[in-house]
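Let's walk through this one together, one feature at a time. Here is what we'll be reading.

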Amino acid sequence: MSTAPKITVRKRSVTRQFELSEFKFTKQDIPQTSDERILKYRQDAWESYENLPFPTLKDEAWRRTDIRNLRTESFTLWQDKGDPVRSPDRFMDPITVGEERSGQLISGAVEDAHWITPELENAGVIFCDFQTAEKEYPDLLDRLIGQIVSPNEDKFTALAAALAHDGVLLYVPKNVTINDPIHSLYWGYGEDQAFFNHILVWVEEGAKVTFVHESASLVQNEQRQLLHDGIVELYVGKNARLNFVELQSWGKNVWSFTRERARVMADANLEWIFGAMGTHLTKNFSDIDLVEPGASARMSGFYFTSGDQHLDHDTQQNHLAPNTTSDLLYKGALMDESRSVWQGMIYVAPGAIGTDGYQANRNLILSKGSQADSIPGLEILADDVRCTHGATVGKIDEDEIFYLLSRGIPRKEAEQLIVMGFFAPIMARIPFEGVQNRFANAVKEKMADR
Amino acid sequence: MQELIIKNLQVSIEDTQIIKGLNLTLRQGEVHAIMGPNGTGKSTLAYTIMGHPKYDVTGGDILLNGKSVLEMAPDERSRAGLFLAFQYPVSIPGVTVANFIRTAINSQRRHAAPPQEDISVLDFRKMLKSKMDLLEMDYTFGGRYLNEGFSGGEKKRTEVLQLAALEPAFAILDETDSGLDIDAIRIVSEGVNALKGPNMGALVITHYQRILNYIKPDFVHIMFDGRIVESGGEELALKLEDEGYDWVREKYVQPQSV
């Protein structure tokens, strides 16, 4: 492994006001494991982390997201599991109260717990945390980890790969259909704590599953930051289908960095739903690689920001084989002084004929102080493709408001109704009433505070 | 008996005076028609009564049961009993007709004195279906996004559906007949006829007489250049149908100051 000195950051310090100091984590913080191969994965990732510079505003992908106020030196790893704070019940049930599910896993600042139905266990489905996987399925974990997201993509990715104590492994064997959703909750809590996690979902040929993953935390002290740094790796085998519903309701003091990628094989389908309500700052990369003919993916995102939130979502739809289809729609509403960034790219590789790619980002600005940056992009290196994109940033139409007022609906409720209407096409794609209701309530709560 | 009194009303848009001293008294149970050529301020009157912020009232008053509505926001005016059927209803993406009407009804109930509970889902459905029957509307309308992709006739029918559901004391229908074929006019008019009665007064604003074949007015007013210049009965509407507006222009046009 190379031992390149950490010169890049220091050189830049000449022209910059100030720079981030290194985190206080050390190599000793790498989670211990009896499996040598996993240990090596982490140690290599640690080395990458040490060698990589912090991203800066000069990096194209980070141009609109300033992380210099991240208090890198203040974070310690969450270790104290002695006094876990129970997560609120509402997070335990994003699906809907009483609805059946096939399995559940809770991790983070809680006592880890996981289960799946005996039927699925017998069918060979594996759903557990990384500690369990390291002990019981080390060969499988070693075979799958790091296949889709490389730990050295950037400093945060490397750090998450090295230190992810909290991991979720979902493995669905060939031709197994899981009807009821599988649910995972990642729960954060505390002051100056860092949470590193790694989600690994592997759906083999012909298998079908719906996986709901939610991240959330309680704000203990708004003055103290929480760090979340994570990796999501998704594999959808030939002719398989994965519904991945991802929700984040992190507290307003969380800085979250996530690197997520899906690999979709021949004639497979990925339905990816992404909802963001929380964090102080988010920098998220979500990529879809359509690597074999007939692969298709639909990605639906929604975000609702207020206060001084800054949410930056970077998406990439990579058409790497002929006759692949992607469809992306991100919708956001912004209040107060909040800001969103969406930067999307459809890439069509040479030879990927018959590609059908679509991307759209729609923003609703609810206050003068908020700002939405919307940057679509196309890079097409093949003939016979259809790629379209659209981006809009708009305000609530006063004529719409007047119409609702004229029916006796007070202004605040009229605005809520219009905002919920704006999100309706995305909500219609979420197969869970519980998620829809909770999002509707969150919008109401945020808008009521105005 | 409730009454809506418009007293020497003067209205401007961006410093241009549109309504120049208009008087009108509307009582529950009465149907008044306001007719007039384009550009005389008919729609301005409708919007002003409802409280659109674009219109400045520079003089006079609008009194609902003796109380001025000028300081009331549009939603307060609605809850006080005023209703405007829009000439050009806007579409509200993602909000269904049923959800919209239920929200409006519940807004009324929550602000009633004393406040009432929200309407139950069952009662609401029953009520909406009966009003839809009245307007010969398909029940699937309830699930469609408000005015999105609606034809002209569907939009106007949806306006009258809202009128039927909200049961206001006074309804202003702003050119509800414009852009409709004769069948649509008949259906919309029958809807209004079924609603009018001792508890509702209506102000029917129109350019053409034909809607008045279906909604029989008790009073007809001719509006010209920001004022009501003639008032009478149904015969006035028929005269306009026969003779057009030229005689009105000749009689009331202001001499040009050179």
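Q: Where does helix H1 of chain B lie, and at what angle does it run to E2(B)?

A: Helix H1 (residues 42-50) lies across E1, E2 and strand E4 (56-64) of chain B, running at about 70° to E2(B). Helices (H or I, at least four residues) and strands (E, at least two) are DSSP runs numbered from the N terminus; axes are lines fitted to C-alpha atoms, for helices over the stretch in contact, with angles from 0 to 180 degrees between N-to-C directions. Contact means C-beta atoms, placed from the backbone, within 7 Å. Before we go on: this is a predicted model, where local features need pLDDT of at least 70, side-chain atom pairs count only at pLDDT 80 or more, and totals for chains, interfaces and linings use all residues. Residues are numbered from 1 along each chain as its sequence is written, while chains are lettered from A and ligands numbered from 1 in the order in which they are written.

Q: What order do the strands of the open sheet in chain B have?

A: Strands of a sheet pair through backbone hydrogen bonds, either parallel or antiparallel. Here the order is E2-E1-E4-E5 in chain B, with antiparallel pairing (a pair needs at least two DSSP bridges). Strands E2 (16-27) and E5 (67-68) of chain B each have a single partner strand, so one side of each lacks a neighbour in the sheet. Strand E1 (residues 3-13) of chain B pairs with E2(B) over 9 bridges, and Val11(B) sits opposite Ile19(B) there.

Q: Which residues of H4(B) are buried?

A: An α-helix has 3.6 residues a turn, so residues three or four places apart point the same way. In H4(B), Leu128(B), Lys131(B) and Met132(B) are buried (20 or more other C-beta atoms within 10 Å; 12 or fewer is exposed, in between is partly exposed). Those buried residues fall within an arc of 100° seen down the axis of H4(B), so they line one face; the arc is taken from the directions from the helix axis to the C-beta atoms. They pack against helix H3 (97-110) and helix H5 (152-166) of chain B. The face turned away carries exposed residues, including Leu122(B) and Asp133(B).

Q: How many residues does each chain give to the contact?

A: Chain B gives 21 residues and chain A gives 20. On chain B, helix H2 (74-80), H3 and H5 each give two or more.

Q: Is Phe257(A) buried or exposed?

A: Phe257(A), found in strand E11 (residues 254-264) of chain A, is buried, with 27 other C-beta atoms within 10 Å.

Note on methods:
Two residues are in contact if their C-beta atoms, placed from the backbone, lie within 7 Å.
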